[in-house]
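Student: Could you show me how to read a few features of a structure, one residue at a time? I would like the general idea before each case.

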Amino acid sequence: MYAIVKAGGKQYKVTEGLIFETELLDAEVNSTVELEVVLAADDTKVLVGKDAQKAKVQATVVEHGKGKKINIFTYKAKKNIRKRQGHRQPYTKLKVNSITL
């Protein structure tokens, strides 16, 4: 059984027990969140659209963190203009507990 859920503006294919990273969510560590289901499927049937919204995916927040640092460097040739910038994307790590149709 698997489901495609929407979290943090992106869609992820999840199964029970899967640990994945998504955009930063406003939830405490060890709390349970319910994810929006786009598609749900098991061995016999596939639920899409309004039927898929009846399915439920429960996930537990494992941790919050920051991703790997990305260095951005821009310059203009022959003008002595240089700009360095860094970015670390915050994320939330989730563990899928159950998928119920």
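Tutor: Let us begin with burial, for which a residue counts as buried when its relative accessible area is under 20%, and as exposed when that value is over 50%. Please keep in mind that this is a predicted model.

Student: Is Thr 22 buried or exposed?

Tutor: Thr 22 has a relative accessibility of 4%, which is under the 20% cut-off, so Thr 22 counts as buried.

Student: Let us turn to the backbone. What is the phi of Asn 30?

Tutor: The phi of Asn 30 is positive, at about 70°, although Asn 30 is not a glycine. This residue sits in the loop between β3 and β4, the latter spanning 32-41, and Asn 30 counts as exposed because its relative accessibility is 63%.

Student: And where is Lys 78?

Tutor: Lys 78 is placed in the loop between β7, residues 70-76, and β8, residues 81-87. Its phi is near 65°, a positive value in a residue other than glycine, and with a relative accessible area of 86%, Lys 78 is exposed.

Note on methods. Residues numbered from 1 in each chain as written. Predicted model: local features only at pLDDT ≥ 70, side-chain atom pairs only at ≥ 80, totals over all residues. Heavy atoms only, no water. Buried < 20%, exposed > 50% of the residue type's maximum accessible area, 1.4 Å probe, protein only. Helix = DSSP H or I, 4+ residues; strand = E, 2+ residues; numbered from the N terminus.
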